[in-house]
Amino acid sequence: MRKDYEFVLVERDGALVTLTLNRPDKLNALNATLIGELTDAFASLSAEASPPRALVLTGAGEKAFAAGADIAAMANLGAPAARAFAAAGHRLGEAIEAAPFAVLAAVNGFALGGGCELALACDLVYASEKAKFGQPEVNLGVIPGFGGTQRLPRAVGPQKAREMVLTGATIDAAEAKRVGLVCEVYPPAELLAKVRETAAVIAQKGPLAITAAKRVMRAGADVPLPTANELEAQAFAALFGSDDQREGMSAFLAKRPAHFHGR
């Protein structure tokens, strides 16, 4: 994959990859270039013959994960250009959700507007004690455009999501954990190391199983329960006969660690 991105830093450590949004002077605001580079990074990593087992997404600097979409870049957009900008944001969210590896957000500061939507697209969200979350777009006379009106209710429930979107209010990390937006909250100096520890645990699991679990949980959330259960049963059965399934169960019976190869 490319490593010469203008606004994305790529760090690889064995099976783990860390992507860092790198516009700290703009609080990592999401402009078209940054959105495109992130989308390319996820697509490229997903297409690799041996993709990473887990990925951590974070922001450069101490103030922001991503303070939102770049308002200066949006202010003079007409409707067609705004629609194209929203479509780019949605493609990024879809690329994150479709990635065959687990994506963990390490939210180190502001995650507002598009930044909150970016975190919502990740599989797991962890936050610094200094993190703030919100969808304040109504303060600008618009609404969330990168999936916030849809992913936020799925994460925190419809009432809390409506309150956040309609008031434009922000919530702190403790409240984000309480309502289910965040898995855990850490001191700022510990956040990245703690999230990488969790990513390393996931990286030791069966990669085919991680991919299947991601796909089934996301697909099942939007269909009736009997249909969702059938999706699960199909995915469960399809993993049998894989090298990973044979290795995992053989290792369990032999009381030894499993060594998965993603096939």
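Q: Two strands pair if DSSP finds at least two bridges between them; on that basis, which order do the four strands of the open sheet with mixed pairing have?
A: This is a predicted model, in which local features need pLDDT of at least 70 and side-chain atom pairs count only at pLDDT 80 or more, while totals for chains, interfaces and linings use all residues. Residues are numbered from 1 along each chain as its sequence is written, and side-chain values use heavy atoms, with hydrogens and water left out. Strands (E, at least two residues) and helices (H or I, at least four) are DSSP runs numbered from the N terminus. Pairing in this open sheet is mixed, and its four strands follow the order β4-β6-β8-β9.

Q: Which residue in β6 stands opposite A64?
A: Strand β4 (64-66) is an edge strand that pairs on one side only. Two bridges join β4 to β6 (residues 110-112), and these strands run parallel. The residue opposite A64 in β6 is F110.

Q: What angle does the direction of helix α4 make with that of β6?
A: Helix α4 (residues 114-121) packs on the sheet and touches β4, β6 and β8 (132-134), where contact means heavy atoms within 4.5 Å. Axes are lines fitted to C-alpha atoms, for helices over the stretch in contact, and angles run from 0 to 180 degrees between N-to-C directions. For α4 and β6 the angle is about 95 degrees.

Q: Which residue of β2 is the bridge partner of L9?
A: The open sheet of six strands has the order β1-β2-β3-β5-β7-β10, and β1 (8-13) and β10 (184-186) stand at its edges, each with a single partner strand, so one side of each is left without a neighbour in the sheet. β1 and β2 pair in the antiparallel sense over six bridges. In β2, the partner of L9 is T20.

Q: Is N28 buried or exposed?
A: N28 is found in the loop between β2 and α1, and its phi is near 60 degrees, a positive value in a residue other than glycine. Most residues other than glycine have a negative phi. L27, in that loop between β2 (16-21) and α1 (32-47), has a phi near 55 degrees and counts as partly exposed at 30% relative accessibility. Buried means under 20% relative accessible area, exposed over 50% and partly exposed in between (1.4 Å probe, protein chains only), and at 0% N28 counts as buried.

How values were computed: Pairing = 2+ DSSP bridges.
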